[in-house]
Amino acid sequence: MYNKRRIFGEVGDPWRDDAPCGARVRARPTPRSRIDQRDWDRFAVASGGSILGSYRHMTSWAARNWFRQRLVLLRIEIETAEGARKIGQCAVSVANCGARRFVDGIHLAPGDEAYWDDAFAAVLRAMGPGSYQYGGEWSLEPAREAAIAATVGVDIESVRPLVVQAVDFARWPDWDDYYRGVVGNVRRAATAAPRRDPDLAVA
């Protein structure tokens with residue numbers, strides 16, 4: 001079990017592009033027409049994201065809720081001497097009332113986790129002032145309230161503890177041994193999964 005946090009807060013003005021926090025990191029809203037679905041999903045998996053961060057899940061959710069929410073997909077880059085390099089991605093839903101919610105958090109490439117604070121600040125600069133929610137039941141990220149509280153311009157309104165249950169697959173020698181012990185509904189879902197996603201591989 002992992003103790004998580006769902007964080008509600010306000011981002012106020014001034015929220016300038018030249019803010020000192022995250023000066024080398026930029027977040028760019030990216031049209032869906034310029035996003036490769038497979039590349040997005042591969043990045044999400046490599047960075048430890050959940051199914052909520054998959055391209056198909058997010059766009060399906062956006063289609064069902066188009067009348068009250070819009071979905072913004074962001075590419076997170078760091079400026080280096082060699083040019084810009086992608087280090088992360090995320091999605092933010094924006095309600096008609098203006099409230100914003102991070103969908104599955106910020107996905108950072110392996111080895112770039114130390115840039116989380118800068119990436120978070122960069123996303124806020126890109127999205128602008130408003131009310132934000134970060135965290136959720138599906139996330140296995142470490143608690144982020146200290147880093148969020150330290151972000152320039154952010155006031156945390158509330159933090160709600162969450163408990164996430166996870167399966168420790170180290171208890172079974174292989175997938176088949178685990179599979180034999182699960183309930184029928186799970187086995188049926190596992191059987192149907194390769195038909196829905198031909199590229200699925202279980203190792």
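**Close-up views of a predicted model**

**View A. Burial of strand 5 (residues 100-108).** Strand 5 is mostly covered, with 8 of its 9 residues buried. The coordinates come from a predicted model.

**View B. The antiparallel pairing of strand 4 (residues 83-95) with strand 5.** The two strands are joined by 7 bridges. Strand 4 and strand 5 make up a hairpin, and 4 residues lie between them. Gly98 is in the turn and has a positive phi of about 100 degrees.

**View C. The parallel pairing of strand 5 with strand 6 (residues 130-134).** Here 2 bridges join the strands. Arg100 has Tyr132 in strand 6 as its bridge partner. Between strand 5 and strand 6 the chain passes through helix 3 (residues 116-127), giving a β-α-β crossover that is right-handed.

**View D. Packing of helix 1 (residues 37-46) against helix 2 (residues 55-64).** The helices pack at an angle of about 115 degrees, and their axes are 9 Å apart. Angles of 65 to 115 degrees count as roughly perpendicular, and helix 1 and helix 2 are therefore roughly perpendicular to each other.

**View E. Residues at the contact of helix 1 with helix 2.** On the helix 1 side, the contact involves Gln37, Trp40 and Asp41. These meet Tyr55, Arg56 and Met58 of helix 2. Sorted by class, the contact holds 3 nonpolar, 1 polar and 2 charged residues.

Conventions: Residues are numbered from 1 along each chain as its sequence is written. This is a predicted model: local features need pLDDT of at least 70, side-chain atom pairs count only at pLDDT 80 or more; totals for chains, interfaces and linings use all residues. Side-chain values use heavy atoms; hydrogens and water are left out. Axes are lines fitted to C-alpha atoms, for helices over the stretch in contact, and angles run from 0 to 180 degrees between N-to-C directions. Angles under 35 degrees count as roughly parallel, over 145 as roughly antiparallel, 65 to 115 as roughly perpendicular and the rest as oblique. Contact means heavy atoms within 4.5 Å. Ala, Val, Leu, Ile, Met, Phe, Trp, Tyr, Cys and Pro count as nonpolar, Asp, Glu, Lys and Arg as charged, and the others, Gly among them, as polar. Buried means under 20% relative accessible area, exposed over 50%, partly exposed in between (1.4 Å probe, protein chains only). Two strands pair if DSSP finds at least two bridges between them. A crossover is right-handed if, with the strands pointing away from the viewer, the path from the first strand over the helix to the second runs clockwise.
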